[in-house]
Each structure stands twice: as structure tokens, then as C-alpha cells.
Amino acid sequence: MFIPPLSASNLKHRCSRAANLAKHNRPEPLREGLSPNVPYARLDNTSVIASACAEITSLATQNTGSGSPPDGGWAPTSLGWHKGNGNVGCGWGTTYGGITPGSTLSLADYGRVEISGVSSVTECCQRAMGYEGATMAQGGKAIRFDLSGNTCRIDREVMMRGNLDSSGGLPMVYLNACGDPGETHYWRHAAGSADGASLNNAGSCAAQYAFTKVLSSNSLAPVGRIPDGIEIPNHVGICSDPARSDYNPATCFETLRYNAINTAEGCCEVCVQNRWLPNTGDSGGTNDTKCVGFQIVGGKCRIIREKFFADRYGVSGNGYITSGAGNEPLTVTQAFELCARGDLACNRADNSHGHWGKCSTSDTAVGNERCEFFSFMYYRDRNASTGEFPPANPGAKAVYTSFEVYEEIDISEGFNMSVNFTMVGNRGDGKNLTNAPVSSTGISKGFTEVKEQHTNTSVNLSTCAKVVLYEIEVGLALDWGRVVHVYVQSVCTTN
């Protein structure tokens, strides 16, 4: 979602100060937040917005694509707008609504607004700012716009969850605009739907279907990558539509990429469903093509099916190394572990093993290679004694951990802490951080479609929360000697 430029100084020490104030029974003072003089604090004043939008006429060009700020840093207007080359009407800008095969939704359903009779870019900016109070379910805030003739074209936050082709999942700053260099559009920083993928887990889906997470003993970053495959849903017709001249079901039997699935849990779900894919393999049985692994790679979901391993690793004699493990039959587990580590035993003589290389932690890496847009890799395998995959366990639960760090506080006299939990049904719906006027825009059909594709409806689990207080110096829970009373409110809800 779009985040306005707020000052962090008022928030940095909030938790530690709150703890100290609570100890002495003093209320925490009110925070000002935004200065009352900045445009963001006066979004209900059309004159202020008009004046702030006029700033775009003096902007220097700062293009998206590399993700790196230009020399001197980003220099937006007071409303967060940058100027870039190109336009918003071409490339993935014309297709981002197609997240499912045969989708009938238009760009307008995903937040695109086209307003005729607009005479200037400053007026177009004002029209764009009219969506500042829109929730994500309403299509969200404006994140880019241009003026084509006298038509103001505006794209909003739900666009970032649409089908951005090979740019899917990445934030705005990594997206390459298209069009002629002499054209101009305006953009704001906006989060991608795969931001922080390396910090997420695959949730209850991975637990229910017995997937194993690939870890490294010497790295906190994701290990390896599942090889790339045909784009879904863009080209799923190649393997599902017999009427096509290029029809070839086998195209979808091995590795695939889902452009608009950008979370590890969503990726797990399309994996176990083989979503939108033919369900038979060479021998005509569904077991030949079960999905056995998944991962977010470069912001997009990749899955890998059992046939990939059966053909390359299930028999001897295919290895690049002609002796030892590299040339002997391997299980899915064995092949996954070798390939994820970059072991030469993974390599096949015909080079069909694909690219399993790790992500990059370099600040200069391009977006599709950065570890922050990779999840960890997950795989599952058949039970050696039964020859079957473990049965689904609907009661299996995932554990999510969140840390809140407090600055050192004096606890020699003891202190009381009250913790309240709120279960958020959808963390992606966003908040109105600027008190902008409430938007009267209707609910976005695109938002609903995206939400449906990322919702696990196969289980009904209770969700609970608890808090544990640790002392950083010793790494032990504070329940062994100091006089500390922690009031914990346990909250459970049913999905």
C-alpha cells in the first residue's frame, strides 16, 4: 500500500515510554503526528491540494525500474509524487486485471479511473488525490497517473496485486514503465504484494500438507530457488485448451510460475490444488503430476511437480557426475536438498535441471534477484513405506512470531504491563493514516477477486495469541527471579 512520508521520531520510543509511564500510573501524552501545516494534514482543503499538486510542474525526472534512488536521493512533491518517463497505458499497464484464466474483469474493476475533459496535469493530480481516503477494498489510493490528450488516467493500489506479468509482487520502484522517452507519467512509492517474502512462512497450508521448509545452518536468507516455468494464467491455455494450435499439456507438468500469487501461503494453496492445471500426466494418472514444492521467487509463486523429479532423478544414469549420488536414483527429498544447496550432484547431463541459484542480499541487486522478494522453499515427498503422500491434517496449525523490542527500562521496583490483542482479518486492507475524507467509491471487484485467490477455505481453525517477555541480556523469560507481573490477555477466534 502507499505510505505517506510520516516522521518516525514521534513513534520510535513509544513502547519503552509507555512502559515507564504505566509504571508511575501516568497517561501517555497525545502525539501530534503530522504537522498541521503540511498538505497531508489538510486533505479536505481543495485549495491546499491544488497548490501542492502544482509542485509537479517543477519536478525533475526520477524513473522507476532499478529500485535505487538517484544521486541526491528521491525528491518527491509534498504529496509524494515523482515524475517519470513513459505512460500508464501500455505493457503490463493494460493487463494487470487478468489474474485468473478467462477473467472478465476490466482495469476499472482493479481501480483504473479515466476522466475526460481534464486540461492539465495539475488538475489530473487533484483528481488522483480525490482517492486518498479510499480503502484497499475500494481500490485504494492513487499511485500513478498521466494525462493522455485530455483524459486523466489514474491507477490505484489494487493494481499492485494484479497480474503485473514478470513484475508481479514487486513494489512500484522496481517496475519499468513503457512508452516513449518523451512521454511523462507521475508515480508514488507503493508496496508490492510480495514485500518481505523472506520473513513470511507458508502458514497452515504447509502444516496441513506436511511440507518441509528448506533451511541453511549458516544463512538467514532463503536457500536456492525453484526453476522457472510457463506463466500462469497468461499462457495456461497452451496446456488446457485443445483448440489452440500450440496445445501441449506437458508444458504444465513440471515447473510453473503464477504471476499474481505473491505470498508463500497462497503459493502453497495453488500447489496442493494444481490450480487451473491439467490433472493427468504421461500415464494418465493424477499422481504423476502432483505438486511437490513451491516458493516465492522474485515476487511470484513458482511450483514444481513430481514429474520434474521422476524424469530427471527417478532413474540412474542422468547425472552430470557419472558416479555417486549424482548418477543414482534420488527421491524428491534427496534431489531437493542437493539442488537447493547448489551441489553438483543436482546437475543433469542434458542440463535439464534448471537454475536453482540463490537470491542476492546485495543492495545493488535487481528486484527479481533480491532476497526480500524470495520466500523459503518448501517441499513434500511420498512416504517410503506406503508410496503415498501424507494425508492432509486439517487440524494442523501454523505459528507466527512477532517481536517488539523495548529500550532498557528500570524494573528494580517492578512494573505492570497490560497487553491487548486484536485479530485482523485482512492485513492488506490498509488504514487511513492521513485522515483523508472518506471515499464514496464502491467496492473494487478486483480486490474481491484477489482476496478469493489468496483465501484458504479448506479448513476451520481457531487462532490464538499469547505474549512472552524476554530479557535481551540473558535471553531467558522473566519468570525466574525478578518480581515482574505480566498481565496476558489470551484471545482466540475462529477463521
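D311 forms a salt bridge with K307 in this predicted model, with the closest N and O atoms 2.6 Å apart. A salt bridge here is a side-chain nitrogen of Lys or Arg within 4 Å of a carboxyl oxygen of Asp or Glu. D311 and K307 both belong to helix α7 (residues 306-313), where they sit 4 residues apart, about one turn of the helix. D311 is partly exposed, at 38% relative accessible area, while K307 is buried, at 10%. Buried means under 20% relative accessible area, exposed means over 50%, and partly exposed lies in between (1.4 Å probe, protein chains only).

This is a predicted model, in which local features need pLDDT of at least 70, side-chain atom pairs count only at pLDDT 80 or more, and totals for chains, interfaces and linings use all residues. Residues are numbered from 1 along each chain as its sequence is written, and side-chain values use heavy atoms, leaving out hydrogens and water.

**Overall make-up**

- The protein has 9 helices and 17 strands. Helices (H or I, at least four residues) and strands (E, at least two) are DSSP runs, numbered from the N terminus.
- Of its 495 residues, 44% count as buried.
- Take the contacts between residues at least 6 apart in sequence: 72% of them join residues at least 24 apart. Contact means heavy atoms within 4.5 Å.

**Other salt bridges**

- The salt bridge count comes to 16.
- R244 and D246 meet through their side chains in a salt bridge, at 2.9 Å from N to O. R244 is partly exposed at 31% relative accessibility. D246 is also partly exposed, with a relative accessible area of 35%.
- R341 pairs with D343 in a salt bridge, and their closest N and O atoms are 3.9 Å apart. R341 counts as exposed, at 54% relative accessibility. D343 is partly exposed, at 30%.
- A network of salt bridges links R112, E114, R144 and D155.

**Helices α2 and α3**

- Helix α2 (residues 46-53) packs with helix α3 (residues 121-129) at an angle of about 130°, and their axes are 9 Å apart. Axes are lines fitted to C-alpha atoms, for helices over the stretch in contact, and angles run from 0 to 180 degrees between N-to-C directions.
- The two helices are therefore oblique to each other. Angles under 35 degrees count as roughly parallel, over 145 as roughly antiparallel, 65 to 115 as roughly perpendicular, and the rest as oblique.
- From α2, residues I49, A50 and C53 meet T122, C125, Q126 and M129 of α3. By class, this contact has 5 nonpolar, 2 polar and no charged residues. Ala, Val, Leu, Ile, Met, Phe, Trp, Tyr, Cys and Pro count as nonpolar, Asp, Glu, Lys and Arg as charged, and the others, Gly among them, as polar.

**Helix α8**

- V332, A335, F336, L338, C339 and A340 are buried in helix α8 (residues 332-341).
- The buried residues of α8 pack against β9 (291-297), β10 (300-305), α7 and β11 (378-379).
- G342 follows α8, and its phi is positive, near 75°.

- S444 lies in the loop between β12 (416-419) and α9 (445-453). S444 is buried, with a relative accessible area of 5%.
- S444 and A137 are 307 residues apart in sequence, yet 5.7 Å apart in space, C-alpha to C-alpha. Beyond its neighbours within four places in sequence, S444 is in contact with D109, Y110, A137, Q138, G139 and V158.
- G192 sits in the loop between β5 (184-187) and α4 (203-208). G192 counts as buried, at 11% relative accessibility.
- G192 and G168 are 24 residues apart in sequence and 7.9 Å apart in space, C-alpha to C-alpha. Leaving aside neighbours within four places in sequence, G192 is in contact with M160, G169, L170 and P171.

**Backbone details**

- The peptide bond from I232 to P233 is cis, with omega near 5°. P233 is in the loop between β7 (230-232) and α5 (237-240).
- A210 is not a glycine, but has a positive phi of about 60°. A210 lies in the loop between α4 and β6 (212-213), and is partly exposed at 36% relative accessibility.
- N274 is another residue other than glycine with a positive phi, near 45°. N274 is in the loop between α6 (264-273) and β9, and is buried, with a relative accessible area of 13%.
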